[in-house]
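Hello,

Here is the structure I said I would pass on. Please open it first; my notes on it follow below.

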Amino acid sequence: MNKKKSTIKDIANVLGITPSAVSKALNDHPRISAKTKAAVTQVAKNLNYQPNHLASALRKGKSNLVGVIIPRANSNFFSSVIENLEDVLNKEGYNVIIAQSNESYHKECRAIDALLFTQVDGIIASMANETIQLNAYEKIKSKGIPLILFDRGENDLGVDYVGINDYKSSQMVVKHLVNQGCRRIAHIAGFNHTRIYKNRIRGYKDALNAFNLPFDAELIVESNLGIDDGRRIMKQLLKLKKRPDAVYAAGDLAALGALQVLKEENVKIPNEIALVGFSNEPFTSFVSPSISTINQHNSEIGRLAAETFLDRMENPSKEVKLNKIILDAELIVRQSSNKTNEY
């Protein structure tokens, strides 16, 4: 069977009218009669006509598409950001194309190229853990379309950003653990080349110093913050001659992996080792013991990122001051670090 796509010309030939009239009818032009519009719609349906959105975007200079790049979809934080971001954009007539980097720099670059080829009106992104070079993001800027970063982003790019105060969040966690009587606090960290994890590490170190606690390089390990990373690093920490009495993980999946190992080794939580994660993933309140964590206000981040994009679209020709929106996070204290009880 012939799989050739039907075109506006094909519809015009069937009806004996011009392609221009067909185009106007499909776009509900007021000068085209209702009878002609109905006929065009029926023939388009019969021919299984699909509009070429890319060509339309090139003609109009606007696609009403927004690309969103996330490190991974199996995260409540990122799925919640997308849900709220999409809700705001849909109400303004935009559709969202979602790409997942899986923490890979090369996949992220390919996603950016694909979105640019699709003529998206803007890109909202959170960088992959592997991303060090910013060339692909510079390419977005060179195209003159809005680029908004959320959660993970680099100041060097000079673009709009929405996130939380990662530095203060770490200080909040360390202060809480110190108040629980912990004095040897380990940190399962993200990679230091990523700004948010760099700030979390800096906040952790400065908080130790503020409480006159020594920094021990053995107690900080960088990783991708997956469950396996949490398990591996927790086993490593338990083998130290002087074990930590608390573990602060910069991601909830790593905290979950650490919790699994602590339970397998019959370590009393939190009295022997207290545990705090980061992101407030749903499972943190369901596991036993429940995991203390940082609430990143994901729904607010999604809404603000979308509104920042819309602000850029409303002011395409004039300079708009860069938006750097930093929200204060919230520490949620649960069983894993609350020493009033033992689990």
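**Notes on the structure**

Gln119 lies in the loop that runs between helix H6 (105-117) and strand S3 (122-125). This is a predicted model, so please read everything below with that in mind.

Gln119 has a phi near 65 degrees, which is a positive value in a residue other than glycine. Most residues other than glycine have a negative phi, and most peptide bonds are trans.

The bond from Ile269 to Pro270 is cis, with omega near 5 degrees. Pro270 sits in the loop between helix H11 (252-264) and strand S9 (274-276). Ser288 and Pro289 are also joined by a cis peptide bond, and omega there is about -5 degrees. Pro289 belongs to the loop between S9 and strand S10 (293-295).

Where the two meet, 16 residues of domain 2 are in contact with 13 residues of domain 3. Together, domain 2 and domain 3 bury about 1300 Å² between them, and 41% of that is on carbon and sulfur atoms.

What kinds of polar links cross this interface? Nine residue pairs are in polar contact across the interface of domain 2 and domain 3, both residues being at pLDDT 80 or more. On the domain 2 side, the elements that give two or more residues to the face touching domain 3 are helix H5 (76-91) and helix H12 (298-314). By class, that side of domain 2 has four nonpolar, seven polar and five charged residues. How many salt bridges does the rule find across the interface of domain 2 and domain 3? The count is zero.

Last, the aromatic rings. The rule gives three aromatic pairs. One of them is formed by Phe78 and Phe150, with 6.1 Å from centre to centre and 65 degrees between the planes, and it counts as edge-to-face. This pair links distant parts of the chain: Phe78 is in helix H5 and Phe150 is in strand S4 (residues 147-150), 72 residues apart.

Regards

Definitions and conventions. Residues numbered from 1 in each chain as written. Predicted model: local features only at pLDDT ≥ 70, side-chain atom pairs only at ≥ 80, totals over all residues. Heavy atoms only, no water. Contact = heavy atoms within 4.5 Å. Buried area = accessible area lost by both parts, 1.4 Å probe. Salt bridge = Lys/Arg side-chain N within 4 Å of Asp/Glu carboxyl O. Polar contact = N/O pair within 3.5 Å; in protein donor to acceptor, adjacent residues only side chain to side chain. Helix = DSSP H or I, 4+ residues; strand = E, 2+ residues; numbered from the N terminus. Nonpolar A, V, L, I, M, F, W, Y, C, P; charged D, E, K, R; others polar. Phe/Tyr/Trp six-rings, centres within 6.5 Å; stacked < 30°, edge-to-face > 60°.
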